[in-house]
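Here are my notes on the model you sent over.

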Amino acid sequence: MVTAGIDLGAKTIKVIILDNGNILIRKIGLAGFESKKAAEDLFNKALSDTGIKKEEISEIVATGAGKEEVEFATKKVTEVTAGAKGAVFLFPSAKTVIDVGAEEGRSIRCDETGKVIDFAVNEKCAAGAGAFTEAMARALEVKLEEFGRISLKSTKTIPMNAQCAVFAESEVVSLLHAKTPKEDIARAVHDAIASRITSMARKVGFEKDIVLIGGVARNAGFIDSLKREIDMDILIPEEPEFVCALGAALIGKK
Amino acid sequence: MTKNQQYKTEPLKCWQKAKEIRLNYYRDYALAHEKGGIRWSGGAWSFGAIPQGLGDDVYCITGEPYAASIAWNKKFALRCMEEVEKRGYARDLCSYMRNYWGSVLLDEYVFGGKFPKPDFIWQDHICCSHAKWYQVVKDIEPDVPMFCIDVAVGPYNIVNDNKLDYLVGQMLDGIEWLEKITGRKYDDEKLIEAVYNECRSTAVWAEICVLNKNIPAPLDEKTMYSLYVLGTLMKHSKIVADFYEELRDEVKYRVENQIAAVGNERCRLMSDTQPPWGFLKIFRYLEKFGALSVGSLYTFGLIGMWEVKEDGTWGPRTTPQQKGIEIKSREQALRILADWNLSKPEWQHFYSPHIKSEMMIRIAKEWHLNGVMLHYNRGCEGLTVGIAENRLALLEAGFPVMTFEGNMGDEREFDEARTVARIDAFMETLGFDKLE
């Protein structure tokens with residue numbers, strides 16, 4: 001049985017095609033301003049790369065903030081359900097899933113089948129999301145990939161406002177003016193995000209094993225901060241940004 | 001007919017009457033002076049039965065429902081809040097209070113014309129905001145006299161004679177004050193009648209809420225908002241008490257004939273605190289899943305008066321009339337009024353979130369709920385304080401809980417798209433798909 005999962009997120013679109021649980025292809029592209037067309041184009045590219053025809057796909061499941069834009073989807077599920085399903089598929093021991101994407105952070109408690117028990121989502125605030133790290137990397141004039149790595153060099157803890165991205169940005173500017181090394185600022189930013197995410201995740205509680213998914217799970221600096229903040233190990237999939245798309249495709253298999 | 005309809009539905013026959021009562025209330029207040037009457041302003045929690053002793057031509061405007069009416073008019077609400085903010089008041093204050101102040105400052109009545117200035121203010125101190133609300137109004141309109149009653153005597157389970165004396169003493173002083181500022185002679189018979197009416201209307205409202213334990217629910221909470229509000233306007237009036245009896249009889253008929261509020265009911269929820277008034281459509285959105293809110297501690301317990309019945313369930317509090325008590329004096333009427341109001345469920349959790357959790361869990365069980373939708377209402381510190389504790393208690397009791405942030409009166413703090421996304425996720429976790 002061939003199924004597809006499409007995660008139309010705030011910044012990127014992720015497509016996965018599964019054949020009886022085996023991943024045939026993964027595709028990622030920018031959502032941009034024409035996300036509906038971008039999703040369709042990316043999906044068609046995935047089809048042509050695999051040689052599979054659309055009619056051969058028994059279920060196309062859309063998820064993500066822009067799921068309603070995926071008009072060709074046969075089913076739509078929320079990121080909460082998809083994230084839990086994908087994480088438990090990859091790590092059957094997962095009980096807590098932390099999902100940090102471009103614009104939103106989520107924490108999900110689930111059972112061994114991937115059924116959601118409880119969830120929390122960050123409120124109207126960017127301080128716990130990937131877009132914030134991008135903005136801070138720009139402020140420090142380092143590439144996003146470097147931003148995570150350089151923070152690992154720091155051993156200093158600099159308190160920063162963890163409640164508001166706007167205030168945090170002005171603090172970064174102040175730190176730059178105070179000639180604070182970039183690695184220390186980078187760590188301070190990651191600590192602030194980790195603190196924000198942890199505070200949200202505590203609402204639903206931590207139960208082992210904890211899995212981190214979403215694009216921000218590629219950021220080594222954030223992972224380090226989060227581990228220190230919660231003082232627990234965290235499991236990270238190889239392709240963390242694809243987990244919701246994977247979960248959606250798995251839901252289509254049912 | 002709704003999708004996947006399994007129960008019949010029909011509009012409430014007395015709906016129009018409810019709308020008329022509300023409309024007349026605001027009109028009568030505005031036009032009171034033209035008929036030689038008196039206008040007073042105060043909270044919906046205030047002891048409204050007491051000023052009734054001044055005569056039948058005494059009309060009130062209760063601040064919270066008036067402010068909620070403003071909230072529903074988003075354009076005017078924004079103007080009210082911007083006016084208040086221009087004067088330097090903080091944006092995180094009670095949004096009802098800000099809407100009310102804005103209307104006074106703009107000198108505009110949301111129902112048209114200039115804001116009808118009250119002859120006096122009759123308030124009680126149920127929370128920090130209520131304590132300050134009319135103090136600021138008096139700063140804006142210094143010539144309006146104000147009387148406030150301190151009601152902070154603790155939860156009902158520790159109320160004793162001394163605490164009742166404290167309230168009754170203030171009420172007696174209040175009556176002397178009312179006579180002095182209005183120049184009218186106080187009529188105890190009218191007070192007694194108003195107390196009887198208040199006990200009757202608030203007990204009958206609870207009776208109506210009890211009927212919602214039935215499946216399908218005869219009323220949904222969005223509809224109940226338009227009905228309970230009459231109690232917040234004038235719970236002491238014969239008009240409201242009589243109307244609630246008429247409504248109760250109609251709701252009983254709906255139960256007997258399986259007439260549902262939502263024809264595709266399959267998921268029962270409750271909310272908490274005031275909703276975001278400008279976005280009541282989220283309650284209609286629930287119906288896409290066959291879900292409805294059957295009420296809340298707020299809708300049941302702000303106006304309804306309750307007691308634990310012999311079988312251990314929650315039911316309407318037995319009124320003095322039902323107990324055969326005849327009120328013969330001013331003091332007796334005031335004591336009954338004080339005792340009655342102090343037992344109000346919504347009054348209890350100002351003292352402890354645990355008391356509120358107990359009541360919420362009781363509702364969740366007795367009203368057969370599938371889950372709970374908590375509004376983290378940034379607009380009301382009084383009713384929202386402790387709500388995170390309530391969430392934990394409900395979860396521990398086995399009820400799934402969804403939270404959403406918003407504001408009852410300030411639409412700038414409500415994110416509709418995000419709230420809808422949360423409802424989607426919550427419904428999925430409960431196992432309910434959209435009914436297509």
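1. The pairing behind it is parallel, with two bridges between E4(A) and strand E5 (residues 75-76) of chain A. For pairing, I mean that DSSP finds at least two bridges between two strands. Helices (H or I, at least four residues) and strands (E, at least two) are DSSP runs, numbered from the N terminus.

2. Some housekeeping before going on. This is a predicted model, in which local features need pLDDT of at least 70 and side-chain atom pairs count only at pLDDT 80 or more, while totals for chains, interfaces and linings use all residues. Residues are numbered from 1 along each chain as its sequence is written, with chains lettered from A and ligands numbered from 1 in the order in which they are written.

3. Back to E4(A), which also runs parallel to E1(A), joined by five bridges. Look at A:Ala4 there: its bridge partner in E4(A) is A:Ile60. Strand E4 (residues 59-63) of chain A has four of its five residues buried, so the rest of the structure largely encloses it. Buried here means 20 or more other C-beta atoms within 10 Å of the residue's own; 12 or fewer is exposed, in between is partly exposed, and C-beta atoms are placed from the backbone.

4. H5(A) can be read in a similar way. A:Ala165, A:Ala168, A:Val172 and A:Leu175 are buried in H5(A). Their arc around the axis is only 70 degrees, which puts them on the same side of H5(A). The other side has A:Val166, A:Ser170, A:Val173, A:Ser174 and A:His177 exposed. Helix H3 (130-140) and helix H6 (182-202) of chain A are among the elements covering the buried residues. After H5(A) comes A:Lys179, with a positive phi near 60 degrees.

5. On the chain as a whole, I count eight helices and nine strands in chain A. Of its 254 residues, 52% count as buried. Along the principal axes, the C-alpha atoms fill a box of roughly 60 × 35 × 30 Å.

6. Last, the contact with the neighbour: ten residues of chain A are in contact with nine residues of chain B, contact being C-beta atoms, placed from the backbone, within 7 Å. Helix H2 (79-90) and strand E8 (116-121) of chain A each supply at least two residues of the side that touches chain B. E8(A) gives the most, with four residues.

Methods:
Arc of directions from axis to C-beta. Contact = placed C-beta atoms within 7 Å.
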